[in-house]
Amino acid sequence: MRKTIAVLALSLLAAHVMAAVSPEEAAKLGTTLTPVGAEKAGNADGSIPAWTGGIPKNAGAVDSKGFLADPFASEKPLFVITAATVDKYKDKLSDGQVAMFKRYPETYKIPVYPSHRTVNLPADIYESIKRSALNVKAINDGNGLENFTGNRYYAFPIPKNGVEVLWNHITRYHGGNLRRIITQATPQTNGSYTPIRFEEEVAVPQAIPDIDPAKAANVLSYFKQSVTAPARLAGNVLLVHETLDQVKEPRLAWIYNAGQRRVRRAPQVSYDGPGTASDGLRTTDNFDMFSGAPDRYDWKLVGKKEMYIPYNSYKLDSPTLKYDDIIKAGHINQDLTRYELHRVWEVVGTVKPSERHIYAKRHMYIDEDSWQVALVDHYDGRGQLWRVAEGHAQFYYDHQVPAYTVETLYDLIAGRYIALGMKNEEKSSFVFGFAAKAADYTPAALRAEGVR
C-alpha cells in the first residue's frame, strides 16, 4: 500500500512538473512580464531598457521590394570589441565568440550599439500566448506538446526547464505563412564561394483554409524549399511536414531530384543529416539555428544572463549591398553587423547516453523578447568547441515579425563557414501571409515544383 501511494505521489509530482502554469502566473503576462514572457523591466544600470511596447509598424520606410529602412541608421557604436579588448568583455560573450577572436584576431570584431527592445507582436498572437501558458503541457519527456490548439505559438511563455525554453524558439511566430527567396554561401578559406539560391515557403495549418484538421493535428508547419541556382542543383525540391511530437510521429520529408525526376522519402533530413547544399558545414537541425525534434538531448536550463548578441541587423539586410560585400574570408564582414546587450535564456543540451549526434553538446543563448536563438556553441564528442553559430536578427516592424537576417555557422577547425538567409540582391524581401492550399504541400506537388 505504501509503495502504491509513493508511486502515485511521484506520478502526481511528474504531472505537476510538466503541467501548464497557474492562472496567477499567467496573469504576469502583460504586467510584470511582457506578453511573450520576457522581463518588462530594464536592468540595473539602464544599459538594457525597459520594454515599452516595441517599435511601431511605421518605424521606417518600406521600399518597393519590401526592404525595411534602418530605424537606427544614425547611431554609432558605443564601442567595438576586438582581440585586444576581448578579455574585458568576456563575461557578456559566449565561449564561441571569444574563440572567434582567437581564430581571427586581425579581422573579427563585435561592434556594440545602444540596446533597443524592438519586438512586438499582433494582439491575436498575444492572446494565443496566454492560452498556451494556461493549457499547453509537455508530454513524452518534454519531446511533444499536448493541448496546443488554435494559433500554435510560444508553447511555454513562462518556462520551467530547458526543453520548454527551446520549444518557445521552435514554436515562435513567423508571421503566419512566409515566402522568401534567399542565398546561402559556403566560402572556401580564401573567401571564394558559389551562391546557392533557394525559394522557400513555410505554411502553418491554422492559415491553410482547406486543410484536413485530422491530418494536421500533429503538424506544426509545412516547409518547402526549391533550389534555383547554381544550374547543377536547380530543380531539386524538399518538402517537410514538421510534427509537434516527433517521437510519436517523426518528421516527414520528401525530395524531388531533378536529375532522376523522382520523388523519394528523405529520412536523412533530420537531426545531424547534412543540410541542403551545405558542403558538410551544417546539419539539418542547424537550420533556423535549431529545428526539429529535441529528443536526442537532455536540456538543462542554466538561467538568464546579459550578453552581447546580434540584434536589429538592418544594415546587414540593406538592398544596396552585394553578397560580395558580406562574404569575406573566415567570417562575414563584421563592419556590417550590429550587437546589443540583451537578456538571454541560457540552455545547455547534452546528448543522451542512449542517443548519437555529431554535436555532443550545444550551448544555447535565446533572446528573451523574441524567443529566437541568438548564439550557439557546438562541441564535438571529445568536448572540443567546434562550431559557433550567430543568428543576426531584425524585427520586421511593418508586419510585427522577428526573424533572422543571416544565420552564420563558423567551423573553428576547418576555418570555413556557412552563411544562410541573405536576400540583398533578390527581387523581394520576405512575403508574409500568402494564400496557401493544402495540395501544395503533398509529395504529388513536388514534381510540378521542380525545374531543370
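How many residues lie between β15 and β16 in the hairpin that they form, and which residue in the turn has a positive phi?

Modeller: The hairpin of β15 and β16 has four residues between its strands, and the turn residue with a positive phi, of about 55°, is Q400. This is a predicted model, in which local features need pLDDT of at least 70 and side-chain atom pairs count only at pLDDT 80 or more, while totals for chains, interfaces and linings use all residues. Residues are numbered from 1 along each chain as its sequence is written, and side-chain values use heavy atoms, with hydrogens and water left out.

Strand β15 covers residues 385–396; strands here are DSSP runs of E with at least two residues, numbered from the N terminus. Because 12 of its 12 residues are buried, β15 is largely enclosed by the rest of the structure. Buried means under 20% relative accessible area, with a 1.4 Å probe and protein chains only.

Strand β15 pairs with β16 (residues 401–411) in the antiparallel sense over 10 bridges; two strands count as paired if DSSP finds at least two bridges between them. Within this pairing, A389 is opposite L409 of β16.

Strand β15 also runs antiparallel to β14 (residues 373–379), to which five bridges join it. Here V388 of β15 faces D377. Strands β14 and β15 likewise form a hairpin, with five residues between the strands, and G383 takes a positive phi near 85° there.

Key. Buried means under 20% relative accessible area, exposed over 50%, partly exposed in between (1.4 Å probe, protein chains only).
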